[in-house]
Structure formats: structure tokens, C-alpha cells
Amino acid sequence: MIILCGDFNSRIGNLKDYSEFDCIPTRNVIDKTKNQHGKSFIEFLNESKMCVLNGRYDPVHDDFTCVSGRGKSVVDYICVPHDALKLIKSFKVITARSIVENFNLFEFLGERSKVPDHSVILTEFNTYEEANEPYQVTSSLPKRYKLNSIPNDFLASDMRKTGFANFDIQNRNHKRKSD
């Protein structure tokens, strides 16, 4: 299974990381802002049949992944194939500030240091044995084709002409046999 995670500098807002044909849960969006990196990232996710885990699980443990003096945003993600969603046990965003506060780590920050602005993203997966079934990439959905990449002259090719000529010959032979 492929898992992508990290700081993508992509703000995806409420853009959908799945198509109308995909059967996956919707996300709870906390960062409504989108940027060009986000649009490109969503395009990549849709083409690769992957989705982000952020916002799909317990809203209590979802949070902004970057908290700085300039504001809050979600730019760090964990992404998995659609079929792997059934293996997710939990998803949590833990801010660096909460880690420093909960474990009283202020003394370890230098005089000129500050708390990191990116959060830790923690995901727990079921193993294949725990899921009681082997992980398999399966899809009951019809295959999607890129129809915008078909050349305008595809019906004028020699292969098409040969194919239609063979089809006509077979039809004529079939009619003669049935007569």
C-alpha cells in the first residue's frame, strides 16, 4: 500500500478529492481556503484514486496542521488509496504547542527558539490480519477513461477502415449462411 504524507503546501479547502463515482466518506473542512497548489494536488489525488485522511475521522482530533503568527491552515496531509480507507483505525492532528504544553517541554526551547508551527499527524492502521481480509485493490466501479485525449481524427485511421471492411465481410458471409 502506498501512503503519502507530509507538508504539501496545498490548501484544498472544500475541493473534492474523489469523483461522483467513488464511494468514500466526505471530509469535514476546517480550512476553507484554496490555492493553486491545492487545485493541482486534488487533480493528482483524483487521477491516482487517493484521498486525504484529514477531516474524515473524529472531528475532536482534527485540527489545523500549521499554526503560526500569520494564521492557521491545513497544508500537511496523509493520503491513502480509496481502498485502504477500511484499514484506518484513527487519525489525529496534534499541534506542536500542545505537545510542548502537555509534556512541559518549554525548558528545552532555546532563548531564541520558538515552538514549531507544523503539527504532528498521527494515523493508526489496522494490519491486514486485524481487518480479517487481505488488502486487495478492488473496485466495483466502472473504469474511467480519459476521453479528452482521443485524437480528433481517430475515425479516419487506416485501422478503422480495415476494421469496418472486415466487419462488412463477416456480416455478408453470415447473411449468406443464414439464407
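Here are some friendly notes on this predicted model, taken point by point.

1. Overall layout. Let's begin with the chain as a whole. Its secondary structure comes to three helices and seven strands. Read along the sequence, these elements follow the pattern β-α-β-β-β-β-β-α-β-α. Of the 179 residues in the chain, 28% are buried. Among contacts between residues at least 6 apart in sequence, 78% join residues at least 24 apart. The points below give some individual cases.

2. Aromatic pairs. Three aromatic pairs are counted in the model. In one of them, the ring centres of phenylalanine 8 and phenylalanine 41 are 4.6 Å apart and the planes meet at 25°, so this pair is stacked. It is a link between distant parts of the chain, with phenylalanine 8 in the loop between β1 and α1 and phenylalanine 41 in helix α1, 33 residues apart. Phenylalanine 8 is partly exposed, with a relative accessible area of 27%, whereas phenylalanine 41 counts as buried at 6% relative accessibility.

3. A tilted partner. Phenylalanine 8 also pairs with tyrosine 77, at 6.3 Å centre to centre and with 45° between the planes, and this pair is tilted. Here too distant parts of the chain are linked: phenylalanine 8 is in the loop between β1 and α1, while tyrosine 77 is in strand β5 (residues 76–81), 69 residues apart. Tyrosine 77 has a relative accessible area of 2%, which is under the 20% cut-off, so tyrosine 77 is buried. Taken together, Phe8, Phe41 and Tyr77 form one aromatic cluster.

4. Serine 10. Serine 10 lies in the loop between β1 and α1, and at 3% relative accessibility it counts as buried. Its side chain reaches two backbone oxygens: that of phenylalanine 8 at 3.0 Å, and that of histidine 37 at 3.3 Å. Leaving aside neighbours within four places in sequence, serine 10 is in contact with Asn35, His37, Gly38, Phe41, Val74, Val75 and Tyr77. Two of these names, Phe41 and Tyr77, belong to the aromatic cluster.

5. Isoleucine 30. Where does isoleucine 30 lie? Isoleucine 30 is in the loop between β1 (4–7) and α1 (36–48). Its relative accessible area is 31%, which falls between the 20% and 50% cut-offs, so isoleucine 30 is partly exposed. Not counting residues up to four places away in sequence, isoleucine 30 touches Asp62, Asp63, Phe64 and Val74.

6. The cavity. One cavity of 30 Å³ or more is counted. The largest cavity has a volume of about 110 Å³. Its lining takes in 15 residues, and those nearest its centre are Arg27, Val29, Ile30, Asp31 and Val74. Isoleucine 30 from the previous point is therefore one of the lining residues, and Val74, which isoleucine 30 touches, is another. By class, the lining divides into five nonpolar, five polar and five charged residues.

7. The second largest pocket. This pocket has a volume of about 220 Å³. Residues in its lining include Val67, Ser68, Gly69, Thr95, Ala96, Arg97, Lys114 and Ser119. The elements giving two or more residues to the lining are β3 (66–68) and α2 (96–102). What classes of residue make up the lining of the second largest pocket? There are four nonpolar, five polar and three charged residues.

8. Isoleucine 94. Finally, isoleucine 94 is placed in strand β6 (residues 88–94). Isoleucine 94 is partly exposed, with a relative accessible area of 26%. Its contacts, not counting residues up to four places away in sequence, are with Ile99, Ser119, Val120 and Leu122. Among them, Ser119 is also in the lining of the second largest pocket. Isoleucine 94 and aspartate 63 are 31 residues apart in sequence, and their C-alpha atoms are 7.5 Å apart in space. Aspartate 63 is also one of the residues that isoleucine 30 touches.

Conventions
Residues are numbered from 1 along each chain as its sequence is written. This is a predicted model: local features need pLDDT of at least 70, side-chain atom pairs count only at pLDDT 80 or more; totals for chains, interfaces and linings use all residues. Side-chain values use heavy atoms; hydrogens and water are left out. Helices (H or I, at least four residues) and strands (E, at least two) are DSSP runs, numbered from the N terminus. Buried means under 20% relative accessible area, exposed over 50%, partly exposed in between (1.4 Å probe, protein chains only). Contact means heavy atoms within 4.5 Å. A polar contact is a pair of N or O atoms within 3.5 Å; within protein, one must be able to donate a hydrogen and the other to accept it, and residues adjacent in sequence count only if both atoms are side-chain atoms. Rings of Phe, Tyr and Trp (its six-membered ring) pair if their centres lie within 6.5 Å; planes under 30 degrees apart count as stacked, over 60 as edge-to-face and the rest as tilted. On a 1 Å grid over the protein atoms alone, a cavity is a set of points where a 1.4 Å probe fits but cannot get out, and a pocket is an open set with protein on both sides within 12 Å along at least five of seven lines; lining residues have an atom within 4 Å of a point. Grid points are joined across faces, edges and corners, and a volume is the space filled by probe spheres set on the points. Ala, Val, Leu, Ile, Met, Phe, Trp, Tyr, Cys and Pro count as nonpolar, Asp, Glu, Lys and Arg as charged, and the others, Gly among them, as polar.
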